[in-house]
Amino acid sequence: MNLQISSFDEYEEVYNQSVTDPEGFWAEVAQNFQWRKPWKKTLEWDFSKAHTKWFVGGKMNITENALDRHLATRGDQPAIIWESNDPEEESITLTYKMLHQKVCQFANVLKKHGAKKGDRICIYMPMIPELAIAVLACARIGAIHSVVFGGFSAQSIADRINDAQCNIVVTSDGSFRGNKEIGLKATVDDALVQCPSVQKVIVSTRTRTPVSMLKGRDVWWENEVKTVSSDCPAEEMDAEDMLFILYTSGSTGKPKGVVHTCGGYMVYATYTFANVFQYQPNQVHFCTADIGWITGHSYIVYGPLCYGATSLMFEGVPTYPDAGRFWDVIDKHKVDILYTAPTAIRSLMGFGDKFVENKDLSSLKTLGSVGEPINEEAWNWYNDNIGKGKCPIVDTWWQTETGGIMISPIAGITKTKPAYATLPLPGIQPILVDENGVEIEGNSVSGNLCIKFPWPGIIRTTYGDHERCIQTYFSTYKNLYFTGDGCLRDEDGYYRITGRVDDVINVSGHRIGTAEVENAINMHLGVVESAVVGYPHDIKGQGIYAYVICEKHLGDLDLTRKDILATVTRVIGPIAKPDKIQFVSGLPKTRSGKIMRRILRKVAEGETGNLGDTSTLLDPSVVDEIKAGAL
Ligand code: WTA
């Protein structure tokens with residue numbers, strides 16, 4: 001497959017071509033994939049209706065591109081290398097041949113239990129090879145996977161299963177994370193009490209912790225694969241058939257199911273993988289994300305496999321058994337490309353250089369960063385201590401909704417600048433607009449980041465609620481896709497993402513809606529009202545700060561604080577637990593009843609000096625109390 005740009009001049013040339021003739025450009029890229037039937041029309045779009053179709057009428061199956069196509073040329077090459085949470089446990093290598101066989105086998109298990117094209121299947125698993133196999137097996141038979149990150153609560157799983165009406169759940173008994181053992185099946189069992197659509201639960205063994213197995217509903221993965229053949233022809237899919245749903249947080253309401261489709265997503269995830277990381281044959285690509293997030297979907301599973309790469313999958317955490325684990329993994333598997341999040345870099349930086357100093361990192365060629373803005377200090381530490389000044393850093397900006405990387409250096413080709421995502425990839429047309437949607441032209445400017453032309457990986461809909469997709473992404477500014485991010489463009493035309501401009505916060509690279517956390521807090525007994533904002537956090541990027549009004553008679557506030565954390569953990573999951581809870585007797589509201597979050601944000605940031613105009617507040621005295629009690 002010849003997808004790679006090899007010089008900056010070529011980038012400029014290709015970029016210009018991709019803007020002058022986007023359809024021609026993407027049609028040429030798409031020729032590099034295996035299609036059962038060619039598309040009739042490259043693109044159909046109308047942003048006012050959130051309508052985008054790529055490769056209209058084309059027929060394919062993404063697993064033929066990710067697996068079958070490679071069998072003749074690299075069947076014995078490792079497709080997935082798996083590294084356990086426990087450094088003493090042997091790692092597992094699955095060649096393309098083996099992975100193909102296992103995917104086909106499990107696809108047959110899904111079929112045996114009634115799965116068919118178009119069904120939604122929920123996957124709630126640890127980072128073990130079976131997770132990647134389950135994802136690909138769904139794609140093989142045309143079932144739509146909805147992977148739910150293992151850190152979400154039973155309630156969150158139930159909400160997602162019900163929203164998509166899933167009929168099958170694939171899970172494991174439990175998972176290992178550092179020195180913890182976490183029950184997954186038990187959480188699924190709690191969720192399923194509320195989920196009448198689910199007929200079958202397939203459970204793979206990881207921790208072999210005792211679990212309840214319900215006759216007629218629950219079966220063991222290991223037993224089932226023994227009963228089926230490993231021959232499973234891929235289902236023929238339309239380019240615009242749904243491939244997966246992935247739930248993500250927005251500024252309002254419950255998480256929404258972002259939908260990606262087969263053809264465009266395949267082309268986009270693969271094209272961006274090949275170019276941004278400049279992957280070379282036989283290299284080992286190590287993306288540290290969990291497959292429960294978009295980064296894992298695109299850059300552990302689909303992008304690397306469609307490109308015939310070797311993808312390393314790590315079950316554990318960066319600090320177990322000690323803060324040198326990533327570096328041990330890199331040394332052990334001779335990793336060429338490391339793709340991780342600023343939060344991990346900052347955390348490991350905090351443990352000091354001694355965990356890095358004696359490790360052999362000489363195999364590394366390229367470093368990547370994703371999920372949140374990377375501060376200069378972390379960038380420099382990454383560059384000096386991990387890359388030893390020799391590895392280009394690609395700071396990749398993108399979103400669940402974009403399917404793949406949008407603005408990023410191309411490794412070794414684009415000149416980097418600490419904390420800058422630099423330039424748009426070919427085919428991506430970013431623009432900055434002011435609050436009225438007027439384009440801000442020229443350089444040395446900042447504004448709200450929008451994209452003005454579709455790319456193949458763009459969100460197609462929010463599952464079951466297309467209107468919400470229109471409202472969220474295509475209504476704020478006419479004829480533009482609005483990202484929700486603020487951004488500056490410097491004197492060189494380089495882009496730097498400055499963070500969300502809506503009520504979404506980014507905690508350790510995880511997207512969390514403030515409204516969701518508020519709803520969870522408000523469910524707690526005795527809570528009258530709450531308001532949640534983000535504040536700068538040294539390691540996590542942003543922390544969660546909650547202002548809570550309680551009924552008077554609550555008593556011990558320290559205990560109440562812990563109780564509230566328990567409620568949030570139960571409703572959403574531990575990732576949404578507030579870092580700080582300040583009890584207040586009122587919230588700063590305008591006369592029309594709107595909470596002035598600007599004030600709450602400033603107090604949370606520790607900036608109590610200049611709160612701006614507070615004259616429109618109903619009761620300005622609450623501000624003094626809030627300032628006085630700031631944590
Ligand atoms: C933020 C993760 C700065 C941004 C792939 C975006 C970033 C949100 C970067 C999407 C980056 C992601 N620099 N900010 N390199 N990458 N973000 O959907 O605010 O989990 O809107 O996708 O993360 O988060 P999501």
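## Residue M60

M60 lies in strand β3, which covers residues 59-60. The model described here is predicted. Because its relative accessibility is 0%, M60 counts as buried; the cut-off for that term is under 20%.

P38 is 22 residues away from M60 along the chain, and the C-alpha atoms of the two are separated by 8.8 Å.

Strands of a sheet pair through backbone hydrogen bonds, in either a parallel or an antiparallel way. In this model, 8 strands form an open sheet with mixed pairing, in the order β12-β11-β8-β6-β7-β14-β15-β23. Its edge strands are β12 (218-220) and β23 (461-462), each of which pairs on one side only.

Strand β8 (residues 168-172) and strand β11 (residues 200-204) run parallel and are joined by 5 bridges. S172 has S204 in β11 as its bridge partner.

## Helices on the sheet

Helix α7, made of residues 185-192, packs on the sheet and touches β6 (120-124), β8, β11 and β12. The direction of helix α7 makes about 155 degrees with that of β8.

Helix α9 (residues 262-277) also packs on the sheet, where it touches β14 (242-248) and β15 (256-261). Between the direction of helix α9 and that of β15 the angle is about 80 degrees.

Note on methods
Residues are numbered from 1 along each chain as its sequence is written. This is a predicted model: local features need pLDDT of at least 70, side-chain atom pairs count only at pLDDT 80 or more; totals for chains, interfaces and linings use all residues. Side-chain values use heavy atoms; hydrogens and water are left out. Helices (H or I, at least four residues) and strands (E, at least two) are DSSP runs, numbered from the N terminus. Buried means under 20% relative accessible area, exposed over 50%, partly exposed in between (1.4 Å probe, protein chains only). Two strands pair if DSSP finds at least two bridges between them. Contact means heavy atoms within 4.5 Å. Axes are lines fitted to C-alpha atoms, for helices over the stretch in contact, and angles run from 0 to 180 degrees between N-to-C directions.
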